[in-house]
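Hi,

Here's the structure I said I'd pass along. Have a look, and my notes follow below.

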Number of protein chains: 2
Amino acid sequence: MSTAGLLTTTDDDLLRRFTESANTHDRVVVPTPAFHEWFAERQAANSYQVTQVPFGELAGWRFQPDSGNLVHDSGRFFAVEGLSVHTDHSEHAHWTQPIIRQPETGILGILVKEFNGVLHCLMQAKMEPGNVNLTQLSPTLQATRSNYTRVHKGKPIPYLEYFTAPWRGRVLVDVLQSEQGAWFLHKRNRNMVIEVTDDIPVLEDFCWLTLAQLHELLHVDNLVNMDSRTVLSGIPFAAPVDRPSILDEDSFRGALLRSLAERKGALHELPSVLSWFTEAKTKHTLDQQRIPLNRVDGWRATDKHISHDEGRYFSVIGVDVQASNREVAHWTQPMLAPVGRGLLAFLAKRIGGVLHVLVQARTQAGTFDVIEMAPTVHCTPENYEGAEQPRYLRHVLDAPPGAIKHDVVHSEEGGRFHHAENRYVVAEVGDDFPVEVPPDFIWMTARQATNLVRYSNYFNVEARSLLTGLHTLW
Amino acid sequence: MSTAGLLTTTDDDLLRRFTESANTHDRVVVPTPAFHEWFAERQAANSYQVTQVPFGELAGWRFQPDSGNLVHDSGRFFAVEGLSVHTDHSEHAHWTQPIIRQPETGILGILVKEFNGVLHCLMQAKMEPGNVNLTQLSPTLQATRSNYTRVHKGKPIPYLEYFTAPWRGRVLVDVLQSEQGAWFLHKRNRNMVIEVTDDIPVLEDFCWLTLAQLHELLHVDNLVNMDSRTVLSGIPFAAPVDRPSILDEDSFRGALLRSLAERKGALHELPSVLSWFTEAKTKHTLDQQRIPLNRVDGWRATDKHISHDEGRYFSVIGVDVQASNREVAHWTQPMLAPVGRGLLAFLAKRIGGVLHVLVQARTQAGTFDVIEMAPTVHCTPENYEGAEQPRYLRHVLDAPPGAIKHDVVHSEEGGRFHHAENRYVVAEVGDDFPVEVPPDFIWMTARQATNLVRYSNYFNVEARSLLTGLHTLW
């Protein structure tokens, strides 16, 4: 490894600088009202049209004759295949389903730079065909390998050179993380945060924002996209030392700050948390067999979609996209369109005055290694109509308004998923909620969760998004 | 998760207690000379005979007619299959080879308990048919799942109840770790350290030892087995605060203690170390396809062994084992017998007065996820005769005697590998050795390495063994 990036400051200092950015509402490059104006202007500046089309109109895509798999002629991008799952850790012991296979590892990256002594993130107004409102706030770079190696043959990708070796900046975060296990087989992207000190030209779709500004924007529905949220989740914070009064407060915020600050206040120390995860991984089995898409049971294909017989889960559809500022101006592609809105919630509880979130050990069809850490409630309620409801779902749905600390609707990745909205909730439970929980659950502090996200394949993407939401509350 | 194991002390305190055990030569339950007497007595108390036999004499094992795979009639234990490998990160771009597939996750566990205020490890004198000297010092528990779920139908396994939920003790280490990637496909075992406060009956093959005693025994050839070494590698240490004079010393030991102690002295901070690993994983490819054993090219089978045409790498053989104190007293099994003795070495260098070891990003046939962190030199020199030698091999072989800080021969897992000896070396390089190294290498402090071993699939088993060796030097 080159020593050009030899660090002169310590990890602790890095955490402190991130925390300062999360606390800074003044000293910003673009005040938030001006951001909203800019964002509205970017939305208006470009026109897009996304239309559902029959599979037969997808240019460059075809169903393979033998397998029925939906593939691109180049063999790149992604494919929709079949998956057969056997597991002892789900509502069903066995099922088959369509799944997206995208073995390439893309890059989701945010450039950060100090202005006025405060770290700012270079964010992008970017259209994705699956977004409800089309344009959302995205990372500096959001590129599949096909993308950045120019299989698209589109325009060059701005700022790509900062996210590939040799490094021009300082690497602050760089970790492989999973994406939606219900829809992707073993999908991972590289989540990166790179600090630069150079002068960076700011292109018209880009804007510098502090973490405090981003935290504010994360309370707006369908604004900050999934790619931004997962990259932001990898940012480690120190507890703010300049707020002693709040740290001592008997409030949700006080308990959250203590959760970020204190090691001694954790119900379970690191070895026990890691052991809980190891126990879940070794106790449970997940057997994944790739099968031809035309061998999937309980799903039916028409010329316009592949859907579940009972109308559950999701459909595979085709879309036609016309865009003026995307790398290529017109394209067609398959997408996955979920049925219903998901609910992703952390139950949070003060234990000894320190906030803990209830993390779930969860297995999904496409999980990379049997188990990942998920929100307390991770489901699409509609899929459970007439069936036994997931544990703790009622605690979230029936929570009194004062207990709901965070409640926002975000979209999942708009490049693959069509109108995939999830409701993200943090709900506080009271003293009557037991500390003792079933084996698939564990109480964790914000500090512990934040530390685990620095390593690969501990937290799933939904839990990472929710953790990003939790950090907006202090 | 149950809160019965709610921790009352912090992680820091745990590290301090491990360090104290590693420093304690007095206050031991069994003085080291008495240990050696006991160990010799245990070796003498039981007689074993291990004989190589033709495959046809392996009871319960057979070659599957279609695939030629060597399997057990029960479908359990393990199988010898074929593997086809394509990678851009090895001497060869493509090869096929026999490989052991053992999807079950076993447990390697050490019970620890305080005596005289010092943590002691319950170690076992255990025979394994592949060990050069048959009996070696093993963890408290060393059990495959077939083993502990009694597929063997043998005697009950001592102390098993301490390593399965519900926990009777406090979990200090519990992590899934990989084993030999050259010989196993995706093999992992659960590495555990459990602290108990109960009175524990000490069976005749067991003995309590401090970490200081184990560190001393790790300098003896073929005494502490691989299973012990990998579990010990998971033990995190704090720098000893009671040795200020050594900490300030301009010596190898001083530099090593500072390497364990200081965060600020690291050449690369944690984000850069993690990024280096992510970069290697995303830059390289490893495609592993299971193939029938009879489709492996360049290997030939006789009735007694399956060997490489040029006599390289390893052979698969059959052995007959007669033992008096094993769970079952007589059995036959296939084993993998490596050709030649491996060399596993860390180059170590003082950078700014802090010792750093040179860690390699390495891909092997059976690696779980493209790359793991390996020793600087990780090879069997004989396999490179007439070919280009691995990088840094000459630095180890030509190191002056004073530069060799650790040099010991250990066996790999004697339950699967027959006489699989590796030479483990830590060799210090001087100021003339460049700090700048190729992309597949990175300098890491002892503290950084020790921290990474707490997470799964960062360090490979050879690097973990060597890290255990490094800890014997302070």
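Buried area here means the accessible area (1.4 Å probe) that two parts lose on being put together, summed over both. By that definition, chain B and chain A bury about 4500 Å² between them, with 55% of it on carbon and sulfur atoms. Keep in mind that this is a predicted model: local features need pLDDT of at least 70, side-chain atom pairs count only at pLDDT 80 or more, and totals for chains, interfaces and linings use all residues. Residues are numbered from 1 along each chain as its sequence is written, chains are lettered from A in the order in which they are written, and side-chain values use heavy atoms, with hydrogens and water left out.

On contact (heavy atoms within 4.5 Å), chain B and chain A put in 51 residues each. The interface has 4 salt bridges (side-chain nitrogen of Lys or Arg within 4 Å of a carboxyl oxygen of Asp or Glu). A:Asp369 and B:Arg188 form a salt bridge through their side chains, at 2.8 Å from N to O.

Elements giving two or more residues to chain B's side include α1 (11-23), β12 (188-195) and α8 of chain B; helices (H or I, at least four residues) and strands (E, at least two) are DSSP runs, numbered from the N terminus. The largest share, 10 residues, comes from α8(B).

That helix is also well covered: 13 of the 14 residues of α8(B) are buried, so it is largely enclosed by the rest of the structure. Buried means under 20% relative accessible area (1.4 Å probe, protein chains only).

Cheers

Conventions
Buried means under 20% relative accessible area, exposed over 50%, partly exposed in between (1.4 Å probe, protein chains only).
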